[in-house]
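Look at the fold as a whole before turning to its parts.

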Amino acid sequence: MWDSLWLNGKIATMEPSQVPYGALDDGAIGIEDGQIAWVGERARLPDEPKKLAKQIRDAGGRWITPGLIDCHTHLVHGGNRAREFELRLQGASYEEIAKAGGGIVSTVAATRDADEEMLLELSGQRLDLLLAEGVTTVEIKSGYGLDVENEMKMLRVARLLGKGREVTVKTTFLGAHALPPEFAGRSSDYIDQVCAEQLPAVTGEGLADAVDAFCEDIAFSPDETRRVFEAARTHRLPVKLHAEQLSNQGGAALAAEFGALSADHLEHLDAAGIEAMKEAGTVAVLLPGAFYFLRETKLPPIEALREAKVPIAIASDSNPGSSPALSLLLMLNMACTLFRMTPEEALAGVTREGAKALGLGTETGTLRVGKWADFVLWDIEDPAELAYRLGGNPCAGVVRGGTVVR
């Protein structure tokens, strides 16, 4: 017998289908050993419910979706950058603030000053807000330590967050995020340290699931990024990239060359980058919170990505400088209103495509037999409502690995 059987729910499986959202009007989900053992219309159950499962659960007519996935965050950090928010409103650009010693480097100072206990408390508070909205999987990057000791500190905290809460945490080493003050004017030397010291130390303790970099005029060049990716390949870690956010550096094509899981931001992505991503199966991760918060005007090439059938994920990019967002549901609305995505595309972006962006497409992201039994119950009348509202939280329950956790 199955461990449990959920009945009386409308299920948005998010499996590719002719039916919007892959929806089942009167669905059922059988769970065994933390995985989905059966999913389909209730009328198609192979026997009477009481003969199929040890426990029968009633969804109360609610909508059920896969657990939400936030595939790009910077949740672990010290301090905040509210003052820089004021400066931008007074006319300073993101690049100007960064070149004046603000931006990422200011968060580096605050993060280095914080011990693991403080970082765990602060980042845990942020994570809890995401979990309350139905997030069951989250990616957390380093990148505010920028030396061996502090990058490892950040990643240890990220791992602890995954152990202390009902959430799957995937960690990403982002040592090539910005140039630390002690390496001013010596970016090549710093990349040497990232590749020769930071990355081996991180992988030696099994702290990273992937490697990321920031390829941009204010960060690292394509050649420097290539060196990081080559080092990641040596350590057998997949890569992803902050690419084409402020200018076109050819980063997306470079990431695709290395079979990257994702290329993220992409406002300045060109046709060559799209074609490379298509061929490599690299996911486009769009970050509407950063687009909104920085008041950008250059839209990502949504229609071209659609035409090329490049998977499009949506994430919060939760970070202290360019997207202090702690609501993935709000990102759904922004993806629709700012990027003109459909509600179904946006929801796929934080479920099916978000899973692909983390290399978890065979394990989660849709409700299908064999995948993790991670799903959310919603007090809504239609799945589009998740992208429609600007506030409120319709999450009525969260199931992770078949167990009700909220």
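Helices (H or I, at least four residues) and strands (E, at least two) are DSSP runs, and they are numbered from the N terminus. The model shown here is predicted. In the protein there are 16 helices and 16 strands. Its radius of gyration is 21 Å, close to the 22 Å that the globule rule gives for 406 residues, so the protein is as compact as a globular protein of that length. The C-alpha trace spans about 70 × 40 × 40 Å along its principal axes. Of the 406 residues, 57% are buried.

Four strands form an open sheet in the order β10-β11-β12-β13, and their pairing is parallel. Which strands stand at the edges? They are β10 (240-243) and β13 (312-314); each has a single partner strand, so one side of each is left without a neighbour in the sheet. From one strand to the next, the twist averages 25 degrees. Strand β12, residues 283-286, runs parallel to β13 and is joined to it by three bridges. In this pair, L286 stands opposite I314 of β13.

L305 is part of helix α12, which covers residues 302-308. Is L305 buried or exposed? Buried means under 20% relative accessible area. L305 has a relative accessible area of 0%, so it is buried. Between L305 and V283 there are 22 residues of separation in sequence, and their C-alpha atoms are 10.0 Å apart in space.

D33 is in the loop between β2 (23-32) and β3 (35-41). The phi of D33 is near 55 degrees, a positive value in a residue other than glycine. R236 lies in the loop between α8 (222-234) and β10, and has a positive phi of about 60 degrees although it is not a glycine. The cut-off for exposed is over 50% relative accessible area. D33 counts as exposed because its relative accessibility is 65%. R236 has a relative accessible area of 78%, so R236 is exposed.

The largest pocket has a volume of about 340 Å³. Its lining has 16 residues, and E344, E345, A348, R352 and E353 lie nearest its centre.

The lining of the second largest pocket divides into nine nonpolar, five polar and one charged.

The largest cavity has a volume of about 120 Å³. It is lined by 14 residues, with Y94, I104, H177, N319 and S322 closest to its centre. The lining of the largest cavity has four nonpolar, eight polar and two charged residues.

Technical notes. Residues are numbered from 1 along each chain as its sequence is written. This is a predicted model: local features need pLDDT of at least 70, side-chain atom pairs count only at pLDDT 80 or more; totals for chains, interfaces and linings use all residues. Side-chain values use heavy atoms; hydrogens and water are left out. On a 1 Å grid over the protein atoms alone, a cavity is a set of points where a 1.4 Å probe fits but cannot get out, and a pocket is an open set with protein on both sides within 12 Å along at least five of seven lines; lining residues have an atom within 4 Å of a point. Grid points are joined across faces, edges and corners, and a volume is the space filled by probe spheres set on the points. Ala, Val, Leu, Ile, Met, Phe, Trp, Tyr, Cys and Pro count as nonpolar, Asp, Glu, Lys and Arg as charged, and the others, Gly among them, as polar. Two strands pair if DSSP finds at least two bridges between them. Axes are lines fitted to C-alpha atoms, for helices over the stretch in contact, and angles run from 0 to 180 degrees between N-to-C directions. The radius of gyration is taken over C-alpha atoms; the globule rule is 2.2 Å times the number of residues to the power 0.38. Buried means under 20% relative accessible area, exposed over 50%, partly exposed in between (1.4 Å probe, protein chains only).
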